[in-house]
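Okay, thanks for coming, everyone.

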Amino acid sequence: MAKASVALLMILSLLLLLSECSLAFDTLGMDVPKRVVNITNYLGPNIVLTLHCKSNDDDLGKHDLSFENSFHWEFKSNALFPNTVFYCYMWWQDVYGSFDVYKAQRDDERCGDKCWWRIKQTGAFSFDESKDRWDLMYIWQK
Ligand SMILES: *[C@@H]1O[C@H](CO)[C@@H](O)[C@H](O)[C@H]1NC(C)=O
């Protein structure tokens, strides 16, 4: 066998081993930080926000939030393979949007263990804990 393919095979087995370790960590609840995403409707009085959030593994269902109400969920983010992504579809009146509300590689540093969102008419804002400020992350489609 060529040297290159032996090296490739070794890398592949190492990756497989690592991913099994991380699976074991998950099962034992070790080394897996817990995160929370919390989304609040700040659209204005009497404006209902409908949202439907998912990851590749989970469908969190469709929820209606009245003004100043929140929807949150907790999950574990794999520290070894930071590949968790949650995304939401959102509607209010005739406005629609969809975007990532948690992306391990973007947000583990940014929002720490609390990824809080404020949904406003001007856009969707998420709190950057490391910089202590609300960032505009998404503008509604027209
Ligand atoms: C979600 O955010 C709202 C508004 O800031 C807050 O009142 C509520 O306590 C938060 N809930 C959780 C579980 O973080």
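I'll go through the sheet, then the core, then the aromatic rings, and finish with one aspartate.

Quick housekeeping: this is a predicted model, so to speak of local features I need pLDDT of at least 70, and side-chain atom pairs count only at pLDDT 80 or more, while totals for chains, interfaces and linings use all residues. Residues are numbered from 1 along each chain as its sequence is written, and side-chain values use heavy atoms, with hydrogens and water left out.

On terms: strands are DSSP runs of E, at least two residues, numbered from the N terminus, and two strands pair if DSSP finds at least two bridges between them.

Take β2 (residues 49-54) and β5 (residues 85-92): they pair in the antiparallel sense over five bridges. Lys 54, for instance, has Tyr 87 in β5 as its bridge partner.

Now the core. By nonpolar core I mean a set of buried Ala, Val, Leu, Ile, Met, Phe, Trp, Tyr and Cys residues joined through side-chain atoms within 4.5 Å; buried is under 20% relative accessible area, exposed is over 50%, and partly exposed is in between, with a 1.4 Å probe and protein chains only. The largest one has 27 residues, and those with the most contacts inside it include Ile 39, Trp 73 and Met 90. Elements giving two or more residues to this core are β1 (34-41), β2, β4 (70-76), β5, β6 and β7 (114-120).

On to the rings. A search of the whole structure finds twelve aromatic pairs. Rings of Phe, Tyr and Trp (its six-membered ring) pair if their centres lie within 6.5 Å; planes under 30 degrees apart are stacked, over 60 edge-to-face, the rest tilted. So Tyr 87 and Tyr 89 are edge-to-face, with centres 6.0 Å apart and planes at 85°. Tyr 87 is partly exposed at 23%, and Tyr 89 is partly exposed at 26%. Then Trp 91 and Tyr 96 make a tilted pair, 6.3 Å centre to centre and 55° between the planes. There's also a cluster: ring pairs link Phe 71, Trp 73, Phe 75, Phe 86 and Tyr 102.

Last stop: Asp 135, in strand β9 (residues 133-138). Is Asp 135 buried or exposed? Buried, with a relative accessible area of 13%. Its side chain makes polar contacts (N or O atoms within 3.5 Å, one able to donate a hydrogen and the other to accept it; residues adjacent in sequence count only if both atoms are side-chain atoms). One goes to the side chain of Arg 133, at 2.6 Å, and another joins the side chain of Arg 110, at 3.3 Å. Finally, Phe 125 is ten residues from Asp 135 in sequence and 5.2 Å away in space, C-alpha to C-alpha.

Key:
Helices (H or I, at least four residues) and strands (E, at least two) are DSSP runs, numbered from the N terminus.
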